[in-house]
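Subject: Structure handover

Hello,

My notes on what turned up in it follow.

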Amino acid sequence: MRRGISILTAAGLAMTLAACGGGSSDDSTSGAAEETTASETGASGSLTIWVDDNREVAVTDAAKAYEDATGTTVDVVVKDFANIRADFSAQVPTGEGPDITVGAHDWLGGFVKDGLVAPIEFGDALADFNTVSTDAFTYDGQVYGLPYAIENVAVIRNTALADSTPATFDEMLAKGKAAGTKYPFLIQVGDEGDAYTMYAFQTSFGAPVFVQNDDGSYSSELGLGGENGNNFAQWLQDQATAGVLDTNITYDVAVDAFSKGESPYIVGGPWMISAFTDAGIDVAVDPIPSAGGETASPFVGVQGFYVNANSQNQLTATDFLVNYLGTEDSQVALYEAGDRVPALNAAADAVSDDPIVAGFAAAAENAVPMPSIPEMDSVWSFWGVTEANIINGTATDAPAAWTEMVSNIQAELDK
């Protein structure tokens, strides 16, 4: 499965790093790249990689193979995923931090803006990955991360309680009520809201967070306001009044209730599946129904690995990513650790017989990439809290609260 970087590619990588890669442009690895790859030279030095516990085993196995093949020491450090982005952002400018970190594609805009990550040269290998996944890690025409998994939320259905998921939210809710369970439908909200999980319902009202250009890229123009956004806000309030949406439903509460057979439907991602199957629930995965009349489009997120812009081992880091974590074996191992659809096409094909994978892939056909532009960082806190305030009744005039939220986000963008 291992695939070597061609001489031409390696030389191109050296040139790229010289142009973009912090203090490593004149190190010995760049010179070596003109003739051969890091693997082929028996790359010297060491690599430090940050991962969370979910991905530890798969990355450690690839690291062991790399150590055996090259003699390079690879130190896999397990960190809380919730802290990785902040720690990486704080340490890289000081010359610290890992050579490689796991991360989500929507961190990219901020990372590039702050000069924290280096481009990755894939050469011909780029075509082996799902285009959406590599586009997600592309900024100003350069790819900055190795993608390994595509993820999106969908409707997860308890097949013993419902035989299908209808095309509209109201029909699904009616079917859920007919099941006679405690909850006809579950979606996590929490005290701070959850705009990510709720997004498909918002887009079905024609209110995307940012306006997309004709080529699919995102502009910095907000799209979630106006009449369409206000209609979504009113829908949130109506569903809360009806007892369908509730800020007391956190992730843990929702997963626990579904695991106990207390609802036929839950909106969630592949990271939930093992909790349900371990509880003996037979599940199917379906596209999210429309609440507002238009297509319900959840976010597609891509998980991957970034290279530290100040790393002294960028060539070795890239070699490890492209030729070890970018192989079918490694990407299938990462899939088995988290049930996310592999970004490498060969790995995705290898697991395509899994009906859960097929279900999430079908739901992703309606999905849109989560924006990776830096402006996205100004949105989340206003967005989720406003949804929560509408649902818990703190905001009694939902459209007015939504309009105020849009104004606050715009003011933050204008700073």
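**Salt bridges**

Lys-79 and Asp-87 are joined through their side chains by a salt bridge, with N to O at 2.9 Å. Asp-87 is partly exposed, at 24% relative accessibility. Please keep in mind throughout that this is a predicted model.

The structure has 9 salt bridges. Another of these is formed by the side chains of Arg-85 and Asp-377, at 3.2 Å from N to O. This pair ties together distant parts of the chain, 292 residues apart: Arg-85 sits in helix H5 (residues 81-91), and Asp-377 in the loop between strand S15 (368-369) and helix H17 (380-392). Arg-85 has a relative accessible area of 25%, so it counts as partly exposed. Asp-377 is also in the partly exposed class, at 42% relative accessibility.

A further salt bridge links Lys-415 with Glu-412, where the closest N and O atoms are 3.1 Å apart. Lys-415 is exposed, with 77% relative accessible area, while Glu-412 is partly exposed at 29%.

**Overall make-up**

The protein chain contains 18 helices and 15 strands. Of its 415 residues, 54% are buried. Taking contacts between residues at least 6 apart in sequence, 77% join residues at least 24 apart.

Strand S8 (residues 154-158) pairs with S11 in the antiparallel sense through 4 bridges. Within that pairing, Ile-156 is opposite Ile-266 of S11. S8 is also joined to S12 by 4 bridges, and these two strands run antiparallel. Here Arg-157 has Ala-284 in S12 as its bridge partner.

Which way do the residues of strand S11 (residues 265-268) point, and are they buried or exposed? Tyr-265 and Val-267 point one way, Ile-266 and Gly-268 point the other way, and all are buried.

**Packing of H9 and H17**

The axes of H9 and H17 come within 11 Å and cross at roughly 75°. An angle from 65 to 115 degrees counts as roughly perpendicular, and H9 and H17 are therefore described that way. On the H9 side the contact is made by Ala-195, Tyr-196, Met-198, Tyr-199 and Gln-202, and on the H17 side by Trp-380, Trp-383, Gly-384, Glu-387 and Ile-391. By class, the residues of this contact are 7 nonpolar, 2 polar and 1 charged.

**Surroundings of Phe-320**

Phe-320 is part of helix H13 (residues 314-325). Its relative accessibility is 0%, so Phe-320 counts as buried. What is Phe-320 in contact with, leaving aside its neighbours within four places in sequence? The residues are Leu-47, Ile-49, Val-59, Ala-62, Ala-63, Tyr-66, Ile-100 and Leu-325. For one of them, Ala-63, the C-alpha atom is separated from that of Phe-320 by 8.0 Å, although the two residues are 257 apart along the chain.

**A backbone angle to note**

Most residues other than glycine have a negative phi. Asp-140 has a positive phi, near 50°, and is not a glycine. Where is Asp-140 in the chain? Asp-140 lies in the loop between strand S5 (138-139) and strand S6 (142-143). With a relative accessible area of 71%, Asp-140 is over the 50% cut-off and so counts as exposed.

Regards

How values were computed
Residues numbered from 1 in each chain as written. Predicted model: local features only at pLDDT ≥ 70, side-chain atom pairs only at ≥ 80, totals over all residues. Heavy atoms only, no water. Buried < 20%, exposed > 50% of the residue type's maximum accessible area, 1.4 Å probe, protein only. Salt bridge = Lys/Arg side-chain N within 4 Å of Asp/Glu carboxyl O. Pairing = 2+ DSSP bridges. Axes fitted to C-alpha atoms, helices over the stretch in contact; angles between N-to-C directions. Parallel < 35°, antiparallel > 145°, perpendicular 65-115°, else oblique. Contact = heavy atoms within 4.5 Å. Nonpolar A, V, L, I, M, F, W, Y, C, P; charged D, E, K, R; others polar.
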